[in-house]
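Here are my notes on the model, as numbered points. Please read them with the structure open.

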Amino acid sequence: MTWDMDYALDVLPPILEAFLRYTLLVTVLASVLAAVLGLVFAVVRRVRVPVLTPLTTAFVEFVRSTPIPIQLFFLFYVLPEAGLTLPGLFVGVVTLGVHYACYYSEVYRAGIDGVPKGQWEACTSLSMSPRYQWQHVVLPQAVRNVLPALGNYVISMFKETPFLFLIAVPEMVQEAVAIGGRDFRYLEPVTIAGLIFLAASYPSSVAIRRLEKRLVHA
Amino acid sequence: MSGLEIGAWADELLAGVWVTVYITVLSACAAVVVAFALGLTVRMQHIVPRTIARVVIEVFRGTSLLVQLFWLFYALPLLGYSMRPVTVGVVAFGLNFGAYGAEVVRGAINAVPKAQWEGTIALNLSPYQRMRRVILPQAYPLMIPPFGNLLIQMLKSTPLVFLITLTDLTAVADQYRASEGNEGFIFGVLLVVYFVLAYVFTVAMRLLEARAKARLGQRESAREVLAYRGPMEQEAAGG
């Protein structure tokens, strides 16, 4: 069996469609969730609220050390038991979002730690409110420093969206294997899925490396 | 929610843990070999091997692990090569994580101080002696923490082998779910089991690091070795 270009062109549109409708959508939604939730985790861990901070730390460590597939299954099966029947897509976005929020919180933390001590002291001496201090002084500097690291995690999340296969979300790899099973020609669809991943992730990571260099020199 | 039936499944679950650990360890060995092969090649002066290694690294980092697994499992047999599912798993994990590891190897070697390189040249060591006796022993402890992170990531990816028909821990849990119900319970148990496995692997890597550092004359206390440290994902992007 060899590569059949006509067949490859035939199966390209449905695979691309699954890519745009699911893979890309999940990546965007989950990274937004992760970016927001991760920031909340990082700030909670930094300001040391009694009970809440240790709980957040424990949660972050636990989630980071356990596999996404099992977390997917867990939510997929537990939520209906609790009376919440949600579509697989939603479960997938929540799982990936929360998992990466735990990674993001570490990245933000590094960024917050990287804000010079003088900045904090200046805020105190200008008697800024904590809210103003975080919003206008600390976070803008912290986030700027860790932007490339966050970008790398988005790419890494992007490459883990096929895990949603496990809870029957018809994302790109699911679609490719389904087409392969239908025609019993796996070579073209699975290769195309891989090439699409490469075509999207390689340029993004080159762009991030550029951004990193620019931020360092700026 | 009772866990009483789980006793009857103890043997299956243990067998599943064994498959998971077995795949992880075997793949880790494969990944280390791939990482060193690619990591050393990508540093070569000659442009041909260097470019080939770079392309291999970017391809395996840039396409998703699951795609690679499926490609080896579904597409490769159609081209006339077929492998047992265990081999498919080990080859896919070995190449994927080996590609990430290659960057670790390259980075660690580049981090060895320049004076050490100059010293080896001044002493007229052959390129082989230079690497084997001077550079690698110093680069090696630097590689262990990132390798440890990759190992945990690999452990966390092993549930995927369930999709290529292997009966790892996840597959056993799925059988349990199908026959006993109690989905939340079994996957909750699984989360804890994976957490414990991840911790055991982390400590093992910490011990390895302490030993490597001790050989360079930097000692660490037992407390430092056993302290809990969560995994930190690598610069995980392709490229």
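1. Of the 218 residues of chain A, 44% count as buried. A residue is buried if 20 or more other C-beta atoms lie within 10 Å of its own, exposed if 12 or fewer, and partly exposed in between, with C-beta atoms placed from the backbone. The model is predicted: local features need pLDDT of at least 70, side-chain atom pairs count only at pLDDT 80 or more, and totals for chains, interfaces and linings use all residues. Residues are numbered from 1 along each chain as its sequence is written, while chains are lettered from A and ligands numbered from 1 in the order in which they are written.

2. Chain A has eight helices and zero strands. Helices (H or I, at least four residues) and strands (E, at least two) are DSSP runs, numbered from the N terminus. Along its principal axes, the C-alpha atoms of chain A fill a box of roughly 70 × 50 × 25 Å.

3. Take the contacts in chain A between residues at least 6 apart in sequence: 78% of them join residues at least 24 apart. Contact means C-beta atoms, placed from the backbone, within 7 Å.

4. In chain B, look at helix H1 (residues 10–41) and helix H7 (residues 169–180). Their axes come within 7 Å and cross at roughly 150 degrees. H1(B) is therefore roughly antiparallel to H7(B). Axes are lines fitted to C-alpha atoms, for helices over the stretch in contact, and angles run from 0 to 180 degrees between N-to-C directions. Under 35 degrees counts as roughly parallel, over 145 as roughly antiparallel, 65 to 115 as roughly perpendicular and the rest as oblique. H1(B) contributes Glu12(B), Leu13(B), Gly16(B), Val17(B) and Thr20(B); H7(B) contributes Leu169(B), Ala171(B) and Val172(B). By class, that is five nonpolar, two polar and one charged residues. Ala, Val, Leu, Ile, Met, Phe, Trp, Tyr, Cys and Pro count as nonpolar, Asp, Glu, Lys and Arg as charged, and the others, Gly among them, as polar.

5. Asn124(B) follows H5(B), with a positive phi near 60 degrees.

6. Between the chains, the contact takes 36 residues from chain B and 40 residues from chain A. Which element gives the most on the chain B side? H8(B) does, with nine residues. The chain B side has 22 nonpolar, nine polar and five charged residues.

7. The predictor gives the complex an ipTM of 0.85 and a pTM of 0.87.

Methods: Two residues are in contact if their C-beta atoms, placed from the backbone, lie within 7 Å.
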